[in-house]
Every structure is written in C-alpha cells, then in structure tokens.
Amino acid sequence: MVTVDGDQGQRVRGEAEHPVSRGYVCGKGRGLPAWHHGPGRLDHPRLGDRPVSWDELLADLAGRLGPIIAADPDAVALYLATGLAYDAAGQVAAAQWLPSIGSSSFVTAVTVDNAPVLVAAELVAGEPMLNPVWDPTRPGLAVLVGTNPVVSHGYGTALPEPIGRLREFRAGGGRVWVLDPRSSETARHADVHVPVRPGADVAVLAALTRAVLDEGADERELTVHCRPEEVEALRGALAPFTVERAAAVADFDPALLHDLIAEVRAHRGRLVMQCGTGVTMSRDGVLAEWLRWVLLIATGSLDNPTGMSFHRGAIPQLRRRPAPSPDAPPPPGAPRSRPELPRVLGQVACAALVDEIEAGHVRALFVTGGNPLSAFPQPERLRAALRLLAVLAVVDVIEGPMTELATHVLPATGQLERADLTLAELTAVRPGLQATTAV
C-alpha cells in the first residue's frame, strides 16, 4: 500500500489482508519512496557524461553495435541481475533481445550465487528450474544449512515475515535445526544450532544420508522411484562417511549429529531442508545441494505437502518447450577464453567475462539490474576490462559505479512507475499470480 501526495510517494506499508505477505514489507519495500525520489535517479539518456535525446542515444548505439554484430554476434554480451527480479517485462525483453541478434553471450547473477541449486535440480530431476518449497504452516522438521532466512527472507522458499513464520512453525509442533558456523539471527530462533566448521557441510550431510539409508528411509521411494543399482552405488559412495568422521571434520560433538539423525528418522515424510549461499557459494555447493535432494527423497519428503512440494504456478504452465529436433544446432559451448567453465542454464559463467573481454571476444556489454563491480571477483581487473569495451550500455534506475563507466546510459522506470506481474511464484510459500498497476 503506497501513500502518495500528487506524484510524490510518501510511505509504503504492508496490506494486512494480503494472503502471502500478511502485512509484512521488507526494508527495500519501505524504502521505495526515498529511492524513487532520490538525488541519484536517472531521468535522461546519456552518451558518456552528455545528456542526449533518446533518438540520438539509440542512433549512436545502433551505429556502434552494427559492425560488431555483423562480424561476430557473440561479441555482444548481456548481464542481467537481480534488480530485474521485480520487473517482469524487463526480464522477458532482455532475455529475448539477445538471441534476436544471434548472440549466446548471456551472463546473469545465477553463476555468482545459486548455480549449484540449478545444477543439482537438473542432475536429479532433469529440470534446472524445478524448485521444492516449504509450507511453514505444516509442522515437521526444518534443517537450514548455511542459510539465514531471518535476514535473506528465504532461499528457494521466500519467507515474508520470517521470524513470525519460524515462531508459528515451532508453535505448531515444528522443530528447527540450523547448521551454520556462526550464531546467525536464524540460529537464535532455532531449537538446535550446530556450529559446523566452514566448508564441512558436505561431510555432515553425507553422514546424515548414510544413516538414513541404513535405517529409517522410505523404502517405497527407494524401490519404486529409484533405480536399485543407483541406490547401491549411493550406499557405496557414502560408506566412508561415519558420524565420527563427520563430527571430526565439522568440529562438533558427535552426540549432536546422532540427535539430528534420530529427529530425521522420526520425521519421515515431514523433512524440510534448505541450503543457502553459505553453501552454494562454497567449493562443494553442487554436492551439498545434491545431497539435500537425496535426503528429501530418501525420507519420502519430496513432492509431499507435509515436506517440500512443487508449485505448478500459472506462468510455467504457459511455457511449452518444443520437442528436441535431431536437426537442431548443438547448444553453445564454453567461452573460448575459459573452455574449462561449463555453461549453466545456457549462460556464460560470470567468472569468464573478464577473460572474454581481455581476449577481445566480447566487445560490447549491456548491463541491466545489477552492478558487476560489487558482485564479481577481482573488481579492479574488471574495471580495467570494462574500459576496453567499444560499448558499455547500462540500463538502470539510479546512478552508480556502472553508469560512471558507461558509454551509453539508458534510464528505466522504477517499481512505482510501471504495471507488473509477479514472476517469483515458484519460490513463494503458496502459489499465486498478482498483477499491480503503476502507482
């Protein structure tokens, strides 16, 4: 709910009757009026530091891009980040524009923070965007690994009013375990906090999985929905991961892990497990996420409303993938300068962008919804590489480090200025689609 005085936004507050937010608004939402009217708002297109008309800007941009596209479409790259998370039309337009010029140089924030989530989903389910969500109104056992939803508002399952949701879950009989090296804000609202050594999450999850397979697994899941030879291979791979080994690696009392194993066994069909960036940005992120899927399956908690289930959603049902054609061209490969880096969701890894620019393979870059200088490794090297580009076009709402470097600055509308649809329904605590008009 936005209070306005003429064209001045004054206040944002939650709508108490909203079925998902229940009146909760995060700090970014409350700060929208100040952000919208702030001194850094971009109101005019610019060529470098010079304000110009839209016609002049687009003509200059087209003139510079034309020869680059003609020589090598992949020399034009697009970086799309989470600033577009709440701009449905912006997401769709950006993702469709790049292939329209024949380029496959698509880079997003996915390979900064949550590529392991998508890779593990594809390995297990064959679909990288398949995401199980948690319904905190149903009591069970929630194991949160390297994630702090009190601050992040959830990861994989968005939790409006996270403290209230955790309290309600526990009041209804649910139990919360947090595996985290630090006593996070979420750990303070948990029943049990296990202070694992950083990077030891995989050893703990492997020992937990081994124990469940030894005793307490859902046999129907393992026999009807899994291949017997794969279950046996899994048992063999997990054999070295004893409770004692995991406790030694993770540097905590083995009795804690025995207690967690007992609780997981007691909550068969009612296990919730979430990993966050504390895990997904680590060396073994893919393996930890994969073990999370294995545990949910082995306990009969996956695709189960009392554990973690899948929203069908409205928009995904409108998407129809064409049947694979034997004549289809092969998918784009790894970047030429970093052949060891595979693509994720068809995207070039962010870590390869600097190399691609320095090697001359990327000569034009569009940036929308993010700031690579604060998200990528080696920011000074990146800054130097950006200065080598023939085109650095930045689409944004406010001034920032990227607009200072840009050859072309393209102002965009903010959240209060445009009509929109929610695209994040597959991570919401309940399914639904919401349309909002411009304020």
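Student: Which residues line the largest cavity, and what makes a space a cavity?

Tutor: W134, L144, T147, P149, G154, Y155, T157, L159 and Q274 line the largest cavity, a cavity being a set of points, on a 1 Å grid over the protein atoms alone, where a 1.4 Å probe fits but cannot get out, with lining residues having an atom within 4 Å of a point. The model is predicted, so that local features need pLDDT of at least 70 and side-chain atom pairs pLDDT 80 or more, whereas totals for chains, interfaces and linings use all residues. Residues are numbered from 1 along each chain as its sequence is written, and side-chain values use heavy atoms, without hydrogens or water.

Student: How do you know how many residues of that lining are nonpolar, polar or charged?

Tutor: The classes are set by residue type (Ala, Val, Leu, Ile, Met, Phe, Trp, Tyr, Cys and Pro nonpolar; Asp, Glu, Lys and Arg charged; the others, Gly among them, polar), and the lining of the largest cavity accordingly divides into 5 nonpolar, 4 polar and no charged residues. The lining of the second largest cavity has 3 nonpolar, 3 polar and 2 charged residues, and includes E289 and R292.

Student: Why is α6 called oblique to α15?

Tutor: Their axes (lines fitted to C-alpha atoms, for helices over the stretch in contact, with angles from 0 to 180 degrees between N-to-C directions) come within 8 Å and cross at roughly 45°. That angle makes α6 oblique to α15, because under 35 degrees counts as roughly parallel, over 145 as roughly antiparallel, 65 to 115 as roughly perpendicular, and the rest as oblique.

Note on methods. Helix = DSSP H or I, 4+ residues; strand = E, 2+ residues; numbered from the N terminus. 1 Å grid on protein atoms, 1.4 Å probe; cavity = no way out; pocket = protein on both sides within 12 Å on 5 of 7 lines; lining within 4 Å.
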